[in-house]
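The following questions and answers examine one protein structure step by step. Please look at the sequence and the model before reading on.

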Amino acid sequence: MRLLLLPLVLLPIAALAAIVTTVATARTPTGTGPDVETSPDAYARARRHAALVAGLSWAALVLVALTLPQTIPFGPDQGIVLACAPAVAGVVALLVAAVGERTWPRPAASVRRASLTRRTVRDVAPHGAAALALAWSAALLLVLLGTGLTADPDDGRSVTVQHESSTSGAGPYPGAPYGVPIAVAVVVLLVAAAVTLHLIASRPAVAQVSTADDARLRRAGARRVLAAVQLVVGGTLAGVLLVTGNSLRAAATSGYDVGGGWVETTDRVLHTLGVCGLAAAPAVLAATFVVTGSALARAARETAPGATALVRV
């Protein structure tokens, strides 16, 4: 069964290596030059290319996220693979996006002009979207750290609560056997996102497209990438909160027979934490979907012909 973890580890690493190779061979524009006027035909081709790349990237994300769990047979490591599946799907989607950034339309006319303005990730990545993706990541890693420290030390897959006269336990609980692979997968996803954003910022300017319009295309691409990352990490966080909350609530209550009847004791603090986790999970998941829809719609508006050239952070 543990052999099933091998492709789960190798696939993100291979995808990340491909992204890094793509970036390493990319050319970074340097210097500044006169701006160029946008050709409507060139801008239309660029928008179609951006839409195609985004469509393929999101299709890969959905396809891997839906099919990978169905290939996992029942077993002790099934939960680990399921928990890492969203991050694996996210890395594959970023690989598609990275390849798409290397295939923008090349100039074909005899006279070629393009802006050579230098840009960084900070220039193209929307700050709010980046902050949200990092916030989900920090929350997820903190939750995994907390569950790793409080899991049953014997198996790391359950939580045990000592009451006054009894002991109760529940699982699955995301201790180290779950938390370490999830954390590694998320870190790989974040590195892949940073590399892809760098690729968006450093690719050559689109020929016959003005600096402002080229910036809008870059920012829209970065917004779509960050929307996918926050969706994956937020969805993983929601799943971890759901599992953790369910286990804590179940383990918080213990019952035993005293001879004359059944007596139950409840740890109020753990029960409250469990309920909070169960309540937070759907809220986080709903927020990620709302943010994703809003980001994709905004990316489409920003690059629409005739949209204002002012790009907001």
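Q: What does Gln208 count as at 37% relative accessibility?
A: The model is predicted, so local features need pLDDT of at least 70 and side-chain atom pairs count only at pLDDT 80 or more, whereas totals for chains, interfaces and linings use all residues. Residues are numbered from 1 along each chain as its sequence is written, and side-chain values use heavy atoms, with hydrogens and water left out. Buried means under 20% relative accessible area, exposed over 50%, and partly exposed in between (1.4 Å probe, protein chains only). Because its value is 37%, Gln208 counts as partly exposed.

Q: Where is the place of Gln208, and what is its phi near?
A: Helices (H or I, at least four residues) and strands (E, at least two) are DSSP runs, numbered from the N terminus. In these terms, Gln208 is placed in the loop between α6 and α7 (211-251). Gln208 is a residue other than glycine, yet its phi is positive, near 60°.

Q: How many helices and strands does the protein chain have?
A: From the N terminus on, the order of elements is α-α-α-α-α-β-β-α-α-β-β-α. The chain therefore has eight helices and four strands.

Q: Which residue in β2 stands opposite Val159?
A: Two strands pair if DSSP finds at least two bridges between them. Strands β1 and β2 (residues 167-170) pair in the antiparallel sense over four bridges, and a hairpin of four residues joins them. Opposite Val159 stands Ala170.

Q: Which side chain meets that of Arg157 in a salt bridge?
A: A salt bridge is a side-chain nitrogen of Lys or Arg within 4 Å of a carboxyl oxygen of Asp or Glu. Arg157 is partly exposed, with a relative accessible area of 22%. Its partner, at 3.4 Å from N to O, is Asp77. The pair links distant parts of the chain, for Arg157 lies in the loop between α5 and β1, and 80 residues away, in the loop between α2 (40-67) and α3 (78-101), lies Asp77.

Q: How many residues apart in sequence are the parts that Glu101 and Arg203 tie together?
A: The side chains of Glu101 and Arg203 meet in a salt bridge of 3.1 Å, N to O. Glu101 lies in helix α3 and Arg203 in the loop between α6 and α7, so the parts that the pair ties together are separated in sequence by 102 residues.

Q: Over the ring of which residue does the charged end of Arg203 sit?
A: A charge sits over a ring if NZ of Lys or CZ of Arg is within 6 Å of the ring centre and within 35 degrees of the ring normal. At 2% relative accessibility, Arg203 counts as buried. Its charged end sits 4.2 Å from the ring centre of Trp104.

Q: How far apart are the closest N and O atoms of Asp213 and Arg216?
A: Both residues lie in helix α7, three residues apart, about one turn of the helix. Asp213 counts as buried at 11% relative accessibility, and Arg216 counts as buried at 4%. In their salt bridge, the closest N and O atoms are apart by 2.3 Å.
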